[in-house]
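Me: Hi! Could you walk me through some of the charged side chains in this one?

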Amino acid sequence: MKKIEAVIKPFKIEEVKDALAEAGITGMTVSEVKGYGRQAGHTELYRGAEYVVDFIPKVKVEVVVKADDVDSVIEKIMNAARTGKIGDGKIFVTDVERVIRIRTGEEDEEAI
């Protein structure tokens, strides 16, 4: 099993959610996060004073999938989240050793 974490632009979350539903993903975790990469921060004006916004708002989507499904899920996320402009985000894939569904005690692939 693999955990896929995608950090994307907030306005793309509905498209990504719909794409993952089409791929048969039945559950995900979504968090509002802030960060920066090459996009860095930007300057804004508030009541006549300039200030630097160091962290850009993003959304992090986390899903755990069977190892065989990783490439297709990544492709769905990329196609749905891509704008072609800087700041589209990143996808991270890590190994998941064990999953347990608390309610039933099911484990691993049966628990996802």
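Me: Which side chain does the side chain of D88 make a polar contact with?
Reply: That would be T83, at 2.4 Å, side chain to side chain. Keep in mind that this is a predicted model.

Me: Thanks! Where does D88 lie?
Reply: D88 is in the loop between α2 and β6 (89-95).

Me: Is D88 buried or exposed?
Reply: Buried, because its relative accessibility is 17% and the cut-off for buried is under 20%.

Me: And what does D88 form a salt bridge with?
Reply: With K9; the closest N and O atoms are 3.8 Å apart. This pair links distant parts of the chain, as K9 is in the loop between β1 (2-8) and α1 (13-22), 79 residues from D88. K9 is buried, as is D88.

Me: How many salt bridges does the structure hold?
Reply: Nine. One of them joins the side chains of E14 and K17, at 3.5 Å from N to O.

Me: How far apart are E14 and K17 in helix α1?
Reply: They are three residues apart, so about one helical turn separates them. E14 is partly exposed at 46% relative accessibility, and K17 is partly exposed too, at 37%.

Me: What about K12 and E15?
Reply: Their side chains meet in a salt bridge as well, 3.1 Å from N to O. K12 is buried at 9% relative accessibility, while E15 is partly exposed at 40%.

Me: Switching to the surface: which residues gather in a patch of negative charge?
Reply: D68, D69, E109 and E110. Of these, D68 sits in the loop between β5 (56-65) and α2 (70-81) and is exposed, with a relative accessible area of 75%.

Key. Residues numbered from 1 in each chain as written. Predicted model: local features only at pLDDT ≥ 70, side-chain atom pairs only at ≥ 80, totals over all residues. Heavy atoms only, no water. Patch = residues over 30% accessible without salt bridge, like charges linked within 9 Å, V, L, I, M, F, W, Y side chains within 5 Å. Areas by Shrake-Rupley, 256 points an atom, 1.4 Å probe, with all protein chains shown as cover. Salt bridge = Lys/Arg side-chain N within 4 Å of Asp/Glu carboxyl O. Lys, Arg positive; Asp, Glu negative; His and termini not counted. Charge placed at Lys NZ, Arg CZ, Asp CG, Glu CD. Helix = DSSP H or I, 4+ residues; strand = E, 2+ residues; numbered from the N terminus. Buried < 20%, exposed > 50% of the residue type's maximum accessible area, 1.4 Å probe, protein only. Polar contact = N/O pair within 3.5 Å; in protein donor to acceptor, adjacent residues only side chain to side chain.
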